[in-house]
Amino acid sequence: MNEHSQIKKMGGCSDLPILKERGQREVFCGLTGIIWLHRKIQDAFFLVVGSRTCAHLLQSAAGVMIFAEPRFGTAILEEKDLAGMADAHEELDREVANLLERRPDIKQLFLVGSCPSEVIKLDLSNAAERLSKVYFPQVRVLNFSGSGIETTFTQGEDACLASLVPSLEETDEENLVLVGSLPDIVEDQLVDLIAELGIKKITVLPGRKTATMPAIGKKSKFILVQPFLTDTTEALEKKGASRINAPFPFGEEGTTLWLRSIKDSYGVSEDKFELVTSAPRKRAQVGLKKLKASLQGKTIFFFPDSQLEIPLARFLSRECGMKLIEVGSPYINRSLVDKDLELIDEMPVISEGQDVDLQLDRCRESNPDITVCGLGLANPLEAEGLTTKWAIELVFTPIHGYEQAQDLAELFVRPLKRKEALLI
Amino acid sequence: MKLSIWTYEGPPHVGAMRVATAMEKLHFVLHAPQGDTYADLLFTMIERGNKRPPVTYTTFQARDLGADTADLFKKACKEAVERFNPEALLVGASCTAELIQDDPGGLADALQLKIPVIPLELPSYQRKENFGTDETFYQIVKALACTQEQTKKFSVNILGPNALGFRHRDDVRELKTILNDLDVDLNVVAPLGASPSSIKNLAKAHANIMLYPESGELACRWLKENFDMPYTENTPIGINSTKDFIRELNQIRGVNGSVSDTSRLNFDWWSKSVDSNYFTGKRVFIFGDATHVAAASRIAKEEMAFSIVGIGCYNREYARKIRGLAKDLSVDALISDDYLEVEKRIADLQPELILGSQMERHIGKRLGIPCAVISAPFHVQDHPARFSPQVGWEGANVIFDTWVHPLVMGLEEHLLGMFREDFEFNDTAGPSHLSNSKGKINDERELLEESEITWAPEATKELKKIPFFVRGKAKRNTEKFAFENGHSAITKDLLYEAKAHYAR
């Protein structure tokens, strides 16, 4: 506790000026979030109203095509929709009718806006309302935007969850809501730990099924598990729920501080906290200790990708001894990542937005030991001799919580080890 | 509006990127919203490209709309030319930019750049990726090719190979060998490896080889009309088609009987050898881009003696060709880019082998039908390190091996038929030389395996949450850890302690 307050006094990087750049951004749009959201919410279908580009992005971004028929698709706008020869709303109604007939298991349909649907001002909220009247209660229809002109990568999940909030049931009871999608195993671990602290009524947004979405009211508290949930936070606060502010649960320290914020908020005793957390904390420390040797003193450069960059930088610098050169994030909401920023002692460049060519110049100049970047940049940088870590793997891998602390560190160790091991 | 789950082709600007990425010293400024940069990873991941595609995106956002997207485009052009110093600049718009009508061509013109600017019209809501490749290459040729003195000796250009084309890199290499055998000089290969300056030299050659109509036909036709350059129409994929191609080329150059060295060709004997008897009449379904489907149909019929039960293509531009071919084969042609429709057709026809794209490979997996990939779109695993063309003699060898690989071999097939109730070796077990997906991970058996150590129910439950491909190892490691530390029962905590212990 003392250690923590001391750092708090120092303020870490919370006052550090942010380098804001506007130029070419080498990032995904928010539609990409559908790749994991459609697996997370098991009875939801995501219908993108967009162009062939949107459909192509969804199948390319995943890198692999999902074997089972996915619960997403694109209603591709055609010339006749744009030229006004067809009523786009009638067309949409027809596609939705076909879809729901073929997939009677769907309980929740998201109409997802895209760049073209927004530019032509196709009103999807109107469409969602109209379709909800037709299909409710069998199917609830909501809408959000995953367009590149509005959202960057993980902001798509933010937009999706924010769209769910108004539809959540109201409650007068106290409850704690974990907000953000996590791999099921990690979600279970965190929920179990919180339950062991003696807290009752823990729910998760998004629920795995439409029927298990949390209820929200003035006595609700919520805590984020992902740092990119700006709009969702606002929507929950509007419903009267209060946010527990904490660093994000990456690594042993991050997870402990995250749980401690919950503990403090609920007045759980220190003894109980020790009892619940000491064993997994120790395990995480053991797991990390071996990996730390490989990361200690190594330099790292983050290209903007998922908004996870600041919390991850905190983990890598404090728990793995890495030196931060630049931490780039597509968007920084200081009120959500302030607890992480406070903990970062050294002063890296923190950048928001992107001008990819300028950033590549800085990256080459600083010659980091590891560069975290998107798939479009990774092989070209490897070919130039840099060692890279695919940023997207950090979104598609269980990395939160105690039991995954070593897995998270290992993601950064692997490219370094490989470089050492290869004798070609 | 049309519902699509998986697509065979990307939008036309991705086709333009395939041309730009194939070429050198050419840069493409694409007016596009944030997010469209995803297309870079097609090249850097599927083809393991070691350079960024030469594309600058304006990546406009909502706040730029209505304000200064045109200025943004001009700035991007200016900076791209300064930074990358290309010999020529392509400019175009993706689907969203098409809607805001900024006119990239006009804006780039206004900058009065010192290099040629080639504007592209890519109608995203009507056309698709293959159109984008063909149109872009045509516009480049039209803008840059000029009258040249012909080479003294007969020479040709190879037109059509691109980035992200199915085996284009290797096809060019094989074709170069054949041209060398025939004593035909090669002038330019384009787009793959060509620069704007080499496009200027196209007319030095006497004829063009239209290697892939999908990405070269417009340019070949234009060069014929404007520079009187004949072009070949036979695609040299398969033994007979390669022979026809050589005949056609000889005819164009007015030479009789010049032949290519076929000592490298094994396909013909492999197909005649007795082991291949079991191919006779195998029922195949063929789907992909029209050029590869047409070539594969001929190989299947004439060179493998398969029985073709259906063919089709996803690129509507060549529907007529495939319909004609289907008529000759007395089968129905399926012209569709709806993979659900393709899946349904395959399910109805129940072929013994699918020759298709990556999409059909997935369909094959779902339906339990073997599939060999013959066409784009393809997966990173179909972009091999080794030399593996489709074109020419070596291409024929590669095709034989690729098509045969997923099938059950000769006598094995008979043996499977003889003892149908053998629980280990039966006709649902799959070919013995391939891993058996059904038996590979029997996690239930793995989990229930007898052990001295007992698992608490909560630990077993947790174990089941671990991904199947590491579950077996996690179980063994945990039991080993428990044994070594004197535990006779495994709890959830112990499972994670073992994990921490075995951290790499």
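The axes of helix α21 (residues 468–484) of chain B and α22(B) come within 9 Å and cross at roughly 95 degrees. Axes here are lines fitted to C-alpha atoms, for helices over the stretch in contact, with angles running from 0 to 180 degrees between N-to-C directions. α21(B) is therefore roughly perpendicular to α22(B), a label for angles of 65 to 115 degrees, with under 35 counted as roughly parallel, over 145 as roughly antiparallel and the rest as oblique. Helices (H or I, at least four residues) and strands (E, at least two) are DSSP runs, numbered from the N terminus.

From α21(B), the residues N477(B), T478(B), F481(B) and A482(B) meet L494(B), L495(B), A498(B) and H501(B) of α22(B). Contact between two residues requires C-beta atoms, placed from the backbone, within 7 Å. The classes in this helix contact are 5 nonpolar, 3 polar and no charged residues. Ala, Val, Leu, Ile, Met, Phe, Trp, Tyr, Cys and Pro count as nonpolar, Asp, Glu, Lys and Arg as charged, and the others, Gly among them, as polar.

The model is predicted: local features need pLDDT of at least 70 and side-chain atom pairs count only at pLDDT 80 or more, while totals for chains, interfaces and linings use all residues. Residues are numbered from 1 along each chain as its sequence is written, and chains are lettered from A and ligands numbered from 1 in the order in which they are written.

The complex has an ipTM of 0.93 and a pTM of 0.92 from the predictor. For chain B the average pLDDT (the predictor's confidence in each residue, from 0 to 100) is 91, and 92% of the residues score at least 70. Residues 437–446 of chain B fall below 50, and this stretch has 7 contacts in the model beyond near neighbours in sequence. Where pLDDT is low, the predicted coordinates should not be read in detail.

Between the chains, the contact takes 63 residues from chain A and 53 residues from chain B. Elements giving two or more residues to the chain B side include β1 (2–4), α15 (358–367) and α22 (492–501) of chain B. That side has 22 nonpolar, 17 polar and 14 charged residues. Strand β3 (residues 72–76) of chain A pairs with β1(B) in the antiparallel sense over 3 bridges, where pairing needs at least two DSSP bridges. T74(A) has S4(B) as its bridge partner in β1(B).

Domain bounds come from an automatic or database domain assignment.

| Domain pair | Distance between C-alpha centres |
|---|---|
| domain 1 of chain A and domain 2 of chain A | 33 Å |
| domain 1 of chain B and domain 3 of chain B | 35 Å |

Chain A is divided into domain 1 (2–25 + 291–421) and domain 2 (30–151). The division of chain B gives domain 1 (12–129), domain 2 (145–253), domain 3 (267–407) and domain 4 (443–501).
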